[in-house]
Amino acid sequence: MDTLIIEGGRPLRGTVTISGAKNAALPILMASILLDEPVIYTNVPDLRDIHTTLRLLDILGCPAQFRAGRVRVEPGALRTEAPYDLVKTMRASVLCLGPLLARMGEARVSMPGGCAIGARPVDLHLSALERMGAVFNLDEGYIHGRCARLKGARIQFDFPTVGGTENLLMAASLAEGDTVLENAAREPEVVDLANFLIRCGARIEGHGSSEIRIHGVPGLHGCEYAIMPDRIEAGTFLAAAGITDGELTLVNCPGSDMEAVLDKLKAAGLSIAPTADGRGLTARRAAGGLRGVDVSTRPHPGFPTDMQAQIMALLCVAQGSGIVEENIFENRFMHVQELVRMGADIRLSGSTAVVRGVPGLTGAPVMASDLRASASLVLAGLAARGVTTVQRIYHLDRGYEHMEVKLRAVGAAIRRAAARD
């Protein structure tokens with residue numbers, strides 16, 4: 001099991017190219033199941049979760065080839081079972097449920113796994129698909145669904161679930177009649193999925209708003225489609241510029257999708273400006289230095305839960321105090337104790353963390369518990385005095401493309417080592 005070894009205290013300076021968005025690529029790749037022609041995707045990040053998804057597509061009968069950020073998926077004889085060995089490692093595997101039901105009338109999908117950041121039940125997916133005519137039962141740890149042909153329905157989510165919106169968006173594209181999704185997720189990744197489906201011939205309106213309307217069509221064709229840039233990776237590198245007192249220019253950066261993150265980073269003492277071509281951002285500390293801010297995670301367009309751990313690391317070395325409230329997942333503060341090991345002053349009370357800034361952090365051995373916690377510990381290690389060793393970085397590899405390579409290119413002293421080292 002690999003670790004990252006970081007010698008902190010070096011300001012980062014240079015240019016970072018932001019990769020394609022994992023959270024957009026996964027559902028879009030799953031949508032390949034809906035197509036009856038080959039499809040080509042570009043700007044696909046080289047990540048553990050991407051390769052897991054491609055293996056799953058192979059098993060389901062959609063052979064996929066990955067080469068230098070480009071993926072080609074061929075239509076084939078579809079199979080309907082997503083096995084435990086793959087699904088247990090990645091929660092997004094459940095996104096094959098809607099497409100398989102729409103295309104095959106049957107799906108047998110293992111209960112999903114992924115990061116241990118709290119309960120993320122799939123009951124909203126299932127109850128919505130039941131409204132469209134699917135029937136489910138739980139069979140030896142598998143969700144087994146059947147239907148004749150899915151039929152359009154008016155579906156109101158109890159809360160704006162990203163995965164549920166994506167699953168229903170795909171299923172409704174081939175359903176009979178019209179589907180209306182109310183209280184739908186508005187995340188940019190949902191919009192990217194809808195744009196892809198439209199490119200393939202789907203009839204969708206309202207994506208990006210809380211009400212999405214889908215008119216089912218008989219079939220979808222192939223196309224070539226570029227995955228959107230990763231706004232969470234971009235936010236992480238902006239925080240890296242601030243926490244190390246450096247200056248980074250981000251290329252291929254989706255600034256228009258990051259308003260809540262940019263507002264909080266600026267309030268925390270970062271100076272962030274668009275590049276001359278308008279396609280990137282440059283970030284550094286403002287003259288007054290870092291300062292505490294309050295953060296409350298919300299569905300888009302609010303502050304994303306996927307940036308909570310990273311901004312907490314930044315607040316650890318800011319002047320004053322900040323309050324971080326987590327409203328999406330009930331178990332997403334597991335990075336707190338690891339940050340405290342490095343000298344952070346953080347007090348937890350339920351879903352709220354009070355962060356009091358300290359003059360500096362000290363390197364220590366720490367253990368990552370999930371994807372975004374991994375990123376926060378890397379950020380803390382970059383700023384800390386001495387050496388930080390981040391263990392269990394397979395979490396990091398699920399969502400950040402060659403992070404240590406990108407960091408080394410802008411001046412970080414960071415290397416990957418096998419556990420036996």
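Predicted model: local features only at pLDDT ≥ 70, side-chain atom pairs only at ≥ 80, totals over all residues.

Tutor: Helix α1 covers residues 22-30 and helix α7 covers residues 188-199, and their axes come within 9 Å of each other while crossing at roughly 35°. The crossing in which α1 passes α7 is right-handed.

From the helix pair we can turn to Asp230, which sits in the loop between β14 (224-226) and α8 (231-243). Setting aside neighbours within four places in sequence, Asp230 is in contact with Ile18, Ser19, Gly20, Ala21, Lys22, Pro254 and Gly399, and Lys22 in that list belongs to the residue range of helix α1. Asp230 is buried and yet has no salt bridge, for the nearest side chain of opposite charge, that of Arg372, is 5.3 Å away. A salt bridge would need a side-chain nitrogen of Lys or Arg within 4 Å of a carboxyl oxygen of Asp or Glu.

Cys316 counts as buried because its relative accessible area is 0%, and buried means under 20%. Beyond its neighbours within four places in sequence, Cys316 is in contact with Leu339, Ala344, Ile346, Val355, Arg356, Gly357, Val358 and Leu361. With one of these, Val358, the separation along the chain is 42 residues, while the C-alpha atoms of Cys316 and Val358 are 6.2 Å apart.

Glu338, by comparison, lies within a helix, namely α11 (residues 336-341). Glu338 is also classed as buried, because its relative accessible area is 15%. When residues up to four places away in sequence are not counted, Glu338 touches Pro365, Val366, Met367 and Leu377.

Lastly, His51 is found in helix α2, which runs over residues 48-60. Because its relative accessibility is 26%, His51 counts as partly exposed. Apart from neighbours within four places in sequence, His51 is in contact with Asp46 and Phe66. The C-alpha atoms of His51 and Ala268, two residues 217 apart along the chain, are separated by 36 Å.

Technical notes:
Residues numbered from 1 in each chain as written. Heavy atoms only, no water. Helix = DSSP H or I, 4+ residues; strand = E, 2+ residues; numbered from the N terminus. Buried < 20%, exposed > 50% of the residue type's maximum accessible area, 1.4 Å probe, protein only. Lys, Arg positive; Asp, Glu negative; His and termini not counted. Contact = heavy atoms within 4.5 Å. Axes fitted to C-alpha atoms, helices over the stretch in contact; angles between N-to-C directions. Left-handed = near helix turned anticlockwise from the far one by under 90°.
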